[in-house]
Each structure stands twice: as C-alpha cells, then as structure tokens.
Amino acid sequence: MISLRNIHKTLNGQPVLRGIDLEIPRGETLVIIGRSGGGKSVMLRHIMGLMMPDKGEVLFEGQNLMGLSELQLIPIRHQMGMLFQNGALFDSMTVGENVAFPLREEGKKSEAEISQIVSEALGLVNLPGQESKMPAELSGGMRKRVSLARATARKPKLLLYDEPTSGLDPVVSDSINKLILHLDETLNMTNVVVTHDMKSACEIGDRIALLHHGKIHFLGTPEEIKSSQDPIVYRFVNGISDESVATE
Amino acid sequence: MIGFLRKLGGNFFRFLRHCGQYAHLLIDIFRSLRYFPIRWNLVSQQIVYMGVNSLPVVVLTGACIGAVFAAQIHLKFSELGMSSGIGPVVAYAMCRELGPIICGLMIAARVGASISTELGSMKTSEQVDALRSMAVYPTDYLVIPRLLALVISMPLLVSFSIFFGIAAGYMICVPLMGVEPAYYIHNSLRFTGAQDVGVGLIKSVIFGFVISTICCERGLNCGHGAQGVGKATTEAVVSSTIALLVCNFFITFLLNAWMN
C-alpha cells in the first residue's frame with residue numbers, strides 16, 4: 001500500500017532521514033520507534049505528503065507523491081487520516097464540529113447523516129455525548145480521543161498516528177492502545193504508528209521498525225525485536241542509555 | 001564592519017525570502033479562487049469580526065482626525081480670511097487621504113495583528129497541517145475568506161471614517177469656531193465630489209487586499225512557538241503599515257494622473 005524508497009531529508013542543514021526504504025502492505029499496523037528527534041514524525045509527514053523528500057519516492061497505492069502539488073494531493077489525502085501529537089483540534093470549534101469537519105468538507109453526506117456518524121465516532125472512542133464541549137475543556141487523553149474520532153470519521157484506508165500515547169499516564173495510554181486495536185478490528189485500516197513507547201509498540205504493532213541515525217536499523221515482529229541481541233535494539237527496547245553522566 | 005555587513009546581508013536575504021513567500025501566496029490565492037467555490041459562510045463570519053466589530057474604533061479615529069484637522073486648518077485659514085475654504089479642505093482631505101489612510105492603519109493594527117496571531121497559532125499547534133491532512137486547501141479555507149471579508153469591509157469602514165471625519169470637522173468649525181454654516185456646507189459640496197469619494201474607496205479596496213495578504217502570509221509562515229507567533233505578528237503589523245503608506249503614495253500619483 002505504501003512504499004518509501006530511498007527517502008532523504010535534511011532540515012536546517014541537519015540530515016534527518018538518510019535513505020529510508022520501507023514497504024507497508026494493506027491492513028498492517030506498522031509501528032515506527034526511535035529516539036526523540038530521530039525523524040519519526042518527519043517520516044510520517046512524508047507519507048501524508050505534508051513534507052516532500054529531498055531525494056527518493058513515496059508511493060501510495062502505486063502513485064508517487066513526489067512532486068505532486070497540494071491540489072493534486074487532495075484526492076489522495078481523502079483516503080488518509082492522521083492523529084497529530086497534540087491532537088491539533090480546531091480550538092474555535094466544538095468537539096462535534098471538529099469530528100464533523102472532514103465529513104462536511106467532503107460534502108457527500110447530509111447533516112442528519114453527519115450527526116449520526118459524529119455520535120458513532122465519539123461513541124467508538126468512549127466519549128459519547130461530548131459534542132458540545134470545546135477542546136479547551138478536555139484533558140490531554142480526551143483531546144487525543146477526539147482527534148482519533150475525527151481522523152476515523154471518514155473511514156480512511158490509511159491512518160497515521162503521531163505519538164498517540166505521549167504525555168499520557170499509563171492507564172490512559174493503555175486505553176488509547178486498546179482503542180487503536182479496536183479501531184483496527186472494526187474499520188480494518190492500514191495503520192502507521194510513531195511512538196517511543198515500547199509497551200505500546202509491542203501491543204499494537206504487527207511489525208516494528210526502529211529508526212536510528214536516519215535509517216531503518218531494524219524491522220521485525222514484536223517478538224523478534226524483544227529477542228534481538230543487536231546492541232542498539234537491545235538498548236532501546238530495555239531503555240538503557242549509552243551516555244555516561246559526568247561526575248566530580 | 002564585517003558584523004554590520006553580515007547583518008545587512010542577512011536582512012536583505014530575509015526580505016527577499018518574504019517577497020518570495022508573498023508572491024507564492026498571491027499565486028496560491030488566484031489558484032484557489034479558480035479551483036474552489038468561495039466559502040461565503042466564512043466570509044460573512046469574518047465580515048462581522050473584521051468589519052462590524054472594527055466600526056467603533058474606525059468611527060472614533062475618523063472623527064478625531066477630522067476634528068483635529070479642521071481645528072488646525074481653521075487656525076491658519078481664519079488668519080488669511082479664508083474661513084469659507086475650511087469645509088472643502090477638510091472634506092477633500094478626509095475623502096482622498098485621511099479617511100482611507102487612518103482607517104487602513106487602524107485596521108492593520110487591529111485586524112492585521114489578529115489575523116497573523118490566529119494563523120500563526122494555528123500553524124504552531126499543527127492545525128494548518130490538520131487541515132491539509134483532511135484534504136482541505138489552507139489558502140482556500142483560511143486566506144480567501146479573510147481576504148474577501150476585508151476587501152468588502154474596507155470601503156464601508158472608510159465611508160464611515162470619511163463621514164464622521166467631515167461631521168466632526170463641521171462640529172468643530174461651525175458651532176465652536178463660529179464659521180458660517182451656509183458657506184461651510186455649500187463650499188464643501190461645491191469642491192468635493194463623487195470623484196474624491198471614489199479615490200478614497202479605490203484606496204480602501206487596495207488597502208484591504210494589502211493588509212489581509214501580508215498578515216496571512218506572515219501568520220502562515222511564522223516561526224516556532226510563542227516567540228515565532230509574536231515575531232510574525234510584529235512583522236505583519238509593521239510590514240502592512242509600511243506597505244500601506246508606500247501603496248498610498250503610488251496610488252495617489254497614479255489616480256491623479258489618470259483623472260487628469
């Protein structure tokens with residue numbers, strides 16, 4: 001469904017991606033892990049076409065996104081959804097209006113149908129009846145749930161998650177993981193999840209890719225990554241720093 | 001010396017980058033107008049926010065400028081025995097220059113700052129990217145409604161500014177300074193015509209376009225975080241104010257040449 005071929009990206013003179021090659025088949029949940037600032041979100045943005053690579057190709061269902069204009073990307077983006085790190089909810093709109101937004105923009109459904117879908121989408125993320133609340137009134141976990149409801153309202157083929165559990169307590173993180181699994185079962189989408197939460201990665205991922213120094217250092221199932229003896233993988237999985245703290 | 005040259009060069013390249021980004025936005029605006037229907041519901045919301053809500057400040061500044069200008073003109077014209085010329089001078093200046101430029105400056109400060117802050121905050125909180133991810137063209141959704149709202153609102157606001165400026169001038173000169181009302185009104189109507197009001201309205205449309213596009217461009221291209229938004233807002237207000245004054249200079253000469 002998605003192919004990343006030899007993707008290179010430099011931001012502010014700093015190489016972030018140095019030749020990413022990755023194939024993501026339809027229906028798979030791929031988790032991308034790696035250290036903070038390692039280029040995981042940048043990679044996700046390339047898949048959505050929010051960023052264009054300096055070199056390489058991004059193919060979505062065989063179509064190369066490289067060089068397409070914003071206008072040409074519109075029909076492709078209709079098939080995708082994205083959960084942003086901080087929710088990116090429109091703060092001038094209510095929760096209901098936020099979830100209804102992509103449906104209204106699509107212009108294919110009546111207001112009654114949209115209202116029905118919004119209720120269902122909020123029910124699916126365990127926030128029934130919260131349509132009239134403003135984003136400012138919600139907690140971090142609730143904002144992510146609303147953002148998830150908005151991203152899935154149009155039932156996209158591909159859903160991209162940027163740090164879905166970051167900044168949340170372990171209980172809320174677990175509920176988000178369960179929600180992702182539930183949505184995966186219910187809507188049967190292809191998912192790409194960026195996280196540095198190993199517990200999350202192992203729970204929701206069919207495969208896990210470790211991004212290290214701008215390249216895919218490891219790609220395998222959760223069992224394979226857990227049993228890997230590669231020092232970089234081992235240190236990341238077990239949360240061991242290779243830096244020493246200077247002491248007097 | 002090297003430090004000075006480096007700073008000068010840096011500012012020059014930053015100016016060029018802004019010009020490039022502005023040109024890119026203008027192309028995007030025309031592309032968006034060509035491919036997407038206008039969102040009149042958003043335009044009307046923005047007209048209320050930018051136009052209707054700006055009315056008190058525009059009326060107040062227009063009236064103040066008209067009153068002060070009339071008082072100053074009266075001081076010199078009465079010395080020369082030309083009190084009957086005060087009315088037309090105030091009306092002419094309010095229609096052609098003071099009304100449009102004072103209104104433009106107030107709108108650049110009030111609305112321009114608001115546009116760049118709002119769009120800048122949306123950009124830094126990933127709301128602009130969220131729009132793009134939902135297959136919405138940001139220029140179509142964010143820029144066009146603000147642009148049209150300001151281009152529609154500005155002539156109305158300038159009309160109010162001109163009217164209240166002239167009215168305030170009358171109130172200063174006639175009841176307070178004792179100028180003969182018949183001369184004041186007669187000469188004002190004799191020497192100020194629809195052409196002068198037209199000049200003010202043409203300027204107002206151009207000012208609306210300049211303010212909205214510059215402030216949208218700064219907001220959408222702002223830097224990271226609160227500092228980036230603050231800087232973009234300052235740049236938006238300063239750039240649109242300077243652009244307004246420079247545009248006013250050229251429009252005045254062009255319109256005068258065209259009308260003569």
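Visitor: Take chain B. For contacts between residues at least 6 apart in sequence, what share joins residues at least 24 apart?
Guide: In this predicted model, the share is 88%.

Visitor: What is chain B's secondary structure?
Guide: Chain B has 9 helices and 0 strands. From the N terminus the order is α-α-α-α-α-α-α-α-α.

Visitor: What does its C-alpha trace span?
Guide: About 65 × 55 × 35 Å along the principal axes. Chain B has 260 residues, and 45% of them count as buried.

Visitor: Let's pick a helix. How many residues are in α3(B)?
Guide: It has 25, residues 55-79. From first C-alpha to last, α3(B) reaches 36 Å. That is close to the 36 Å expected at 1.5 Å a residue.

Visitor: Which of its residues are buried?
Guide: B:V58, B:G62, B:A63, B:I65, B:G66, B:A67, B:F69, B:A70, B:I73 and B:H74.

Visitor: And what covers them?
Guide: The cover includes α4 (86-124) and α6 (138-176) of chain B.

Visitor: What about the residue B:G81?
Guide: B:G81 follows α3(B) and has a positive phi, near 70°.

Visitor: Now the core. How many residues are in the largest nonpolar one?
Guide: 134. The residues with the most contacts inside that core are A:I32, A:V99, A:L160, B:V90 and B:I211. Helix α6(B) gives the largest share of the core, 18 residues.

Visitor: What does A:V99 touch, leaving aside neighbours within four places in sequence?
Guide: A:V118, A:A121, A:L122, A:V146, A:A149, A:R150 and A:A153 are its contacts there.

Visitor: On to the interface. How many residues of each chain are in contact?
Guide: 16 residues of chain A contact 12 residues of chain B. On the chain A side, α2 (70-77), β6 (80-83) and α3 (95-106) each supply at least two residues.

Visitor: Which element gives the largest share of that side?
Guide: α2(A), with 4 residues.

Visitor: How does that side divide into nonpolar, polar and charged?
Guide: The chain A side has 11 nonpolar residues, 2 polar and 3 charged.

Visitor: Different topic. What is the strand order in the open sheet of chain A?
Guide: The order is β2-β1-β4-β5, 4 strands in all, with antiparallel pairing. The edge strands are β2 (14-24) and β5 (63-64), and each of these pairs on one side only.

Visitor: How do strands in a sheet pair, anyway?
Guide: Through backbone hydrogen bonds, either parallel or antiparallel.

Visitor: Then how many bridges join β1 to β2(A)?
Guide: 8 bridges join β1 (residues 2-11) of chain A to β2(A), and the two run antiparallel.

Visitor: Last one, A:Q63. Where is it, and is it buried or exposed?
Guide: A:Q63 sits in strand β5 of chain A. It counts as exposed because it has 12 C-beta neighbours inside 10 Å, and the cut-off for exposed is 12 or fewer.

Visitor: How many residues apart are A:Q63 and A:Y234 in sequence?
Guide: 171. In space A:Q63 and A:Y234 are 36 Å apart, C-alpha to C-alpha.

Conventions:
Residues are numbered from 1 along each chain as its sequence is written. Chains are lettered from A and ligands numbered from 1 in the order in which they are written. This is a predicted model: local features need pLDDT of at least 70, side-chain atom pairs count only at pLDDT 80 or more; totals for chains, interfaces and linings use all residues. Two strands pair if DSSP finds at least two bridges between them. A residue is buried if 20 or more other C-beta atoms lie within 10 Å of its own, exposed if 12 or fewer, and partly exposed in between; C-beta atoms are placed from the backbone. Two residues are in contact if their C-beta atoms, placed from the backbone, lie within 7 Å. Ala, Val, Leu, Ile, Met, Phe, Trp, Tyr, Cys and Pro count as nonpolar, Asp, Glu, Lys and Arg as charged, and the others, Gly among them, as polar. The expected span of a helix is 1.5 Å times one less than its number of residues. A nonpolar core is a set of buried Ala, Val, Leu, Ile, Met, Phe, Trp, Tyr and Cys residues joined through C-beta atoms within 7 Å.
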